Amino acid sequence: WTTMIAAYGQNGDGREALEIFRQMGLEGVKPDKTAFLSVLNACSHAGLLDEGWHHFVSMIQDHGFPPMVGHYACMVDLLGRAGKLDLAGDLINSIPVQPDAVIW
């Protein structure tokens with residue numbers, strides 16, 4: 001599942017990546033941190049700001065996964081691509097670990 005999500009995301013088809021993620025849930029397969037990373041990356045490359053933010057929050061609140069640096073990096077990238085630089089800066093400043101070069 002995660003490989004298909006990542007492949008669609010890397011090829012610019014974020015909507016199809018999200019559909020695969022949805023189907024995964026319908027099949028009873030619970031996403032892991034890597035699946036969420038692929039979803040966030042797909043949203044970032046496709047410019048799906050609202051969907052990316054929804055899945056980021058869902059990862060934390062609904063699935064109980066604390067974000068890793070990679071998740072934050074995807075969200076910063078997504079916000080930056082959407083022109084939301086103030087929000088990207090706020091997110092960077094809220095990260096509980098030291099932001100690395102990937103995030104900046």
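How many residues does helix α2 have, and what does α2 reach from its first C-alpha to its last? Helix α2 (residues 14-26) has 13 residues and reaches 18 Å, close to the 18 Å expected at 1.5 Å a residue. The model is predicted: local features need pLDDT of at least 70 and side-chain atom pairs count only at pLDDT 80 or more, whereas totals for chains, interfaces and linings use all residues. Residues are numbered from 1 along each chain as its sequence is written, and side-chain values use heavy atoms, with hydrogens and water left out.

**View 1. Helix α2 and its buried face.** Helices are DSSP runs (H or I, at least four residues), numbered from the N terminus; the expected span is 1.5 Å times one less than the number of residues. Gly14, Ala17, Leu18, Ile20, Phe21 and Met24 of α2 are buried (under 20% relative accessible area; exposed is over 50%, partly exposed in between; 1.4 Å probe, protein chains only). Viewed down the axis of α2, these buried residues fall within an arc of 155°, so they line one face of the helix; the arc is that of the directions from the helix axis to the C-beta atoms. Arg15 and Leu26 are exposed on the other side of α2. The cover over the buried residues includes α1 (2-10), α3 (33-46) and α4 (49-61).

**View 2. Helix α4 between its neighbours in contact.** The end C-alpha atoms of α4 are 18 Å apart, in agreement with the 18 Å that its 13 residues should span at 1.5 Å a residue. Its buried residues are Gly52, His55, Phe56, Ser58 and Met59. They fall within an arc of 165° down the axis of α4 and so line one face of the helix. These residues pack against α2, α3 and α5 (contact: heavy atoms within 4.5 Å). Asp50 and Gln61 are exposed on the face turned away from the buried side of α4.

**View 3. The largest nonpolar core.** A nonpolar core is a set of buried Ala, Val, Leu, Ile, Met, Phe, Trp, Tyr and Cys residues joined through side-chain atoms within 4.5 Å. Of the 25 residues in the largest one, Ile5, Phe21, Val39, Cys43, Phe56, Met75 and Leu91 touch the most other members. Two or more residues each come from α2, α3, α4, α5 (69-81) and α6 (85-94). Val39 touches Ile5, Leu18, Phe21 and His55, not counting residues up to four places away in sequence.

**View 4. Cys43 and Cys74.** The whole structure has 0 disulfides (pairs of cysteine sulfur atoms within 2.5 Å). The sulfur of Cys43 is 9.3 Å from the closest cysteine sulfur, in Cys74, which is too far for a bond. Cys43 is buried at 0% relative accessibility, and Cys74 is buried at 11%.
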